[in-house]
Amino acid sequence: MGFLIFFLTLGIIIFIFSSKTFSPIPYFPSQKVDLPLIVKALNLKNDQVVIDLGAGDGIVIFEAARMASQKKLNTKFIAVEINPVLILVLHLRRLFHPNRKNIKIILDDMFKMNFNRLTRKPVNSLIFYLYISPWYMDKTISNIKRQTNKFKVVSYMYPLSIKTTKSSFSKATAIRGKNQIFVYLHAITTSRYTTSEVVRGAQKQSTGK
Ligand SMILES: C[S@@+](CC[C@H](N)C(=O)[O-])C[C@H]1O[C@@H](n2cnc3c(N)ncnc32)[C@H](O)[C@@H]1O
């Protein structure tokens, strides 16, 4: 009976990790040796929200939260994961974390999720940590851009595509670790006026009409 339960559980775990529904991007943790550089790239400060999209076993989010508590920062951390087995691991690890009050675990799909429900703060000035396959990057960034216009992206190993960065993103800062870490800022100040309206307004002012 014990063997049956063991093999059934193993079968379910293998199924979840190989399924396109439960794990569209395979689980690979960020390299442990790069953790100090990743945390440095996040540049933790008070009143920030750091979201790991596809948090895996939480190697990055838990280390960043540990550093924040050492520095007595109130930074909030959100681990988003679609794989239910990894969600269970994240909840177990959170239980024993010294900074657990500032860590949230969310079961959701990074391609479709609504970021407004994650934080009471306006979803501006968020930091997204990504370690995802390059062919899913555009889809993920598009979902973020639909909901907020001021955010930072720290991407492990893979740079954002030229198509994504050509408007509104700063040039990447690349940090060299075992793998590269790319840091981008996205900021658009939306104007209520078109360029020609602004030019016309300025002309009116100068002619006094
Ligand atoms: C390459 S791993 C990165 C894990 C972790 N961020 C790290 O750096 O160690 C990608 C993770 O994304 C998760 N994932 C894949 N598709 C997802 C989706 N649509 N929404 C949320 N998480 C997803 C996978 O289950 C996996 O844990």
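Predicted model: local features only at pLDDT ≥ 70, side-chain atom pairs only at ≥ 80, totals over all residues.
I started with S5 and S7: strand S5 (residues 150-156) and strand S7 (residues 180-187) run antiparallel and are joined by seven bridges. Strands here are DSSP runs of E, at least two residues long, and helices are runs of H or I, at least four long, numbered from the N terminus.

Residues are numbered from 1 along each chain as its sequence is written.

Next, the sheet. Seven strands make an open, mixed sheet, ordered S3-S2-S1-S4-S5-S7-S6. At the edges I found strand S3 (103-107) and strand S6 (173-176), each pairing on one side only; a pair needs at least two DSSP bridges.

Then I checked what packs on the sheet. Helix H3 (residues 59-70) touches strand S1 (49-53), strand S2 (76-81), S3 and strand S4 (126-130), and its direction makes about 170° with that of S2. Helix H4 (residues 84-95) touches S2 and S3, at about 165° to the direction of S3. Contact means C-beta atoms, placed from the backbone, within 7 Å; angles run from 0 to 180 degrees between N-to-C directions, with axes fitted to C-alpha atoms, for helices over the stretch in contact.

Last, which residues are closest to the ligand? I got Ile-25, Ser-30, Gly-54, Gly-56 and Tyr-131, out of 24 surrounding it (C-beta, placed from the backbone, within 6 Å). H3 and S2 each supply at least two residues of this shell.

Notes:
Contact = placed C-beta atoms within 7 Å.
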